[in-house]
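Subject: Structure for you to look at

Hello,

Here is the structure I said I would pass on. Please open it first and then read the notes below.

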Amino acid sequence: MTVQETTLVPGLAGIPAAESAVSYIDGQVGILEYRGHRIETLAEHSNFEETCWLLLYGSLPSKSELDGFRARLREHRDLPERLINVIRALPGVGHPMDALQASLAALGMFHRKEDYSSREECDEAIVRIIAAVPVMIANFENFRAGRDYVQPDPKLDTAANFLWMINGTVADELITRVLDVALILHADHTMNASTFAARVVASTEADPFTVCSSAVGALTGPLHGGANERVLDQLKAIGAAENVPAWLDATLAAKSKIMGFGHRVYTTKDPRATILQDLARDLFETHGMTPAYETALALEAEVLQRLGSKGIYPNVDYFSGMVYAKLGIPTDLFTPVFAMSRVAGYLAHWREQMTDNRIFRPTQVFVGSHDAAYTPLELR
Ligand code: SDX
C-alpha cells in the first residue's frame with residue numbers, strides 16, 4: 001500500500017491496533033467484560049487483587065494462587081531508601097501524576113532486567129509495580145504535606161493500605177470496599193489512549209517499568225484520566241442544581257467539553273459510571289451527603305436531554321471524584337488512584353504484546369512540500 005492510498009482516521013477511531021483477550025466493550029449496549037466476566041459481577045463478588053490476577057493471567061485464581069499473589073504484593077511494597085529520597089526530593093507543588101511517572105521510571109532503575117522472556121522475571125516486575133504504585137503515590141502526598149514516610153501495613157490489602165497511608169487510620173469496611181470496587185472498575189478498558197501508549201512502548205521491547213511510566217504520562221491528560229479531577233471543579237463552578245441550565249448554555253456556546261461526559265466507544269451510559277453512582281449513593285447515605293451530588297444529578301439530566309441523542313452520557317470519571325473525595329482522597333490524587341488500578345491493565349497488555357510482538361510503526365498522510373530551496377541565512 002503506498003502512502004497516497006492511505007486516508008487518515010482522526011484519533012484512529014475504530015481502527016484495531018492489536019488483537020486482545022484482556023477486556024471487551026460493547027459501547028452501544030454498555031457492556032464491559034474483563035476476560036469474559038461482566039464488570040457488574042466483578043464489582044459485586046471480586047476484589048482488586050483477584051481482578052489483577054484475572055486480567056494478567058486470564059482466569060480467576062485458585063485460593064492458593066490468590067493467597068500467594070497477595071503475599072507477594074505485600075512483600076514488594078517497601079521502596080528502596082534511595083527511591084524514598086527521590087520521591088521526598090520531588091517538588092510538592094508539582095502534580096502527583098508527574099511524581100508517579102517519575103517514581104515509576106526511578107523504580108525501574110533499581111529493578112529493571114535486560115531480559116523478560118522468563119515468566120519469573122515478568123511476574124517479579126508485575127508484582128513490584130502493582131505493589132509499589134500506591135506506596136509511591138501515598139508517600140508523595142505525605143512528603144508534600146510535611147509528614148514523614150509511612151510504611152505500608154502488611155496486614156492490609158491494596159485499598160485499605162492506601163487509605164491507611166494517606167489518612168493515618170484504618171478505614172471502616174464500607175469505605176475500604178468502595179475504594180476496592182473503584183479499583184476493580186478502573187483496571188482495564190481495551191485500547192484506551194494510555195493502554196495504547198503502553199502497547200507502543202512495549203512493542204519496542206522496553207521494560208515494564210518504562211511501559212507503565214509512559215502510559216501514566218498519557219493517562220494524565222484532561223481528556224483521559226485527568227477528567228475525574230476536573231469534574232469536581234466543574235460541579236463547584238456550577239455551585240447548585242438551579243445553575244445548571246445557564247452553565248450548560250455557556251459551556252456549549254464556548255464549545256467547551258463537559259468533564260465526565262462522552263466517550264469514544266460508549267454511546268450510552270458507561271456501566272462503570274452506574275456502579276460508581278450506586279457506590280456514591282450508599283456512601284452518602286451512611287457518611288453524609290455531598291452537596292455536589294445533587295448538582296451532578298441535575299447536570300446529568302440536563303446533558304442527557306440536550307446531548308443524549310449525540311450519544312453523550314456520563315463516563316467513568318463523572319462520579320468517581322465525588323466518591324474519592326468522600327474517602328478523604330485529595331482531588332489531585334484522583335487520577336493517580338485511577339493509575340494505581342490501571343497499571344494492572346497496562347501490565348496485562350504488556351504480557352499480551354510480548355506473546356506476538358511487532359514494533360508499532362504506522363504511516364502518515366504527508367501534507368507537506370517537497371524539493372524546498374535552501375535560502376542562505378543572510379538572504380532570509
Ligand atoms: C476516560 O478510551 C477510554 O476507554 C477512556 C476511559 C478508560 O477507562 O480508559 O474510559 C477513561 O478517559 C473517560 C473519558 C474522560 N474524559 C472526559 O470526560 C473529558 C470530556 N470528554 C470528551 O473530551 C470526549 O467525550 C472524549 C475525549 C472522551 C471522547 O472524544 P471523541 O471520541 O474524540 O469525541 P469528539 O471530541 O470528537 O466529540 C464528538 C462530538 C463533538 O461534537 P460535534 O463537533 O460533532 O458537534 O461530541 C461532542 C463534541 O463536541 N462531545 C462533547 C463531549 N464529548 C463529545 N461535547 C461536550 N462535552 C463533552 N464531554
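The notes cover the domains, the contact between them, and the nonpolar core.

Please keep in mind that this is a predicted model.

On the domain 1 side 26 residues take part in the contact, and on the domain 2 side 23 residues do.

About 1900 Å² is buried between domain 1 and domain 2, with 66% of that area coming from carbon and sulfur atoms. On the side of domain 1 that touches domain 2, at least two residues each come from strand E1 (23-26), strand E2 (31-34), helix H1 (39-45), helix H8 (173-185) and helix H16 (334-355). H8 gives the most to that side, with 7 residues.

Now the core. The largest nonpolar core has 113 residues, and those touching the most other members are Ile130, Met136, Phe162, Leu179, Leu299, Leu327 and Ile329. Helix H6 (residues 119-144) provides the largest share of this core, 15 residues. Domain 1 and domain 2 each contribute at least three residues to the core.

Leaving aside residues up to four places away in sequence, Ile130 touches Phe48, Cys52, Leu56, Phe69, Leu73, Val343, Ala344 and Leu347. In general, nonpolar side chains in soluble globular proteins tend to be buried together.

Regards

Terms used: Residues are numbered from 1 along each chain as its sequence is written. This is a predicted model: local features need pLDDT of at least 70, side-chain atom pairs count only at pLDDT 80 or more; totals for chains, interfaces and linings use all residues. Side-chain values use heavy atoms; hydrogens and water are left out. A nonpolar core is a set of buried Ala, Val, Leu, Ile, Met, Phe, Trp, Tyr and Cys residues joined through side-chain atoms within 4.5 Å. Buried means under 20% relative accessible area, exposed over 50%, partly exposed in between (1.4 Å probe, protein chains only). Helices (H or I, at least four residues) and strands (E, at least two) are DSSP runs, numbered from the N terminus. Domain bounds come from an automatic or database domain assignment. Contact means heavy atoms within 4.5 Å. Buried area is the accessible area (1.4 Å probe) that two parts lose on being put together, summed over both.
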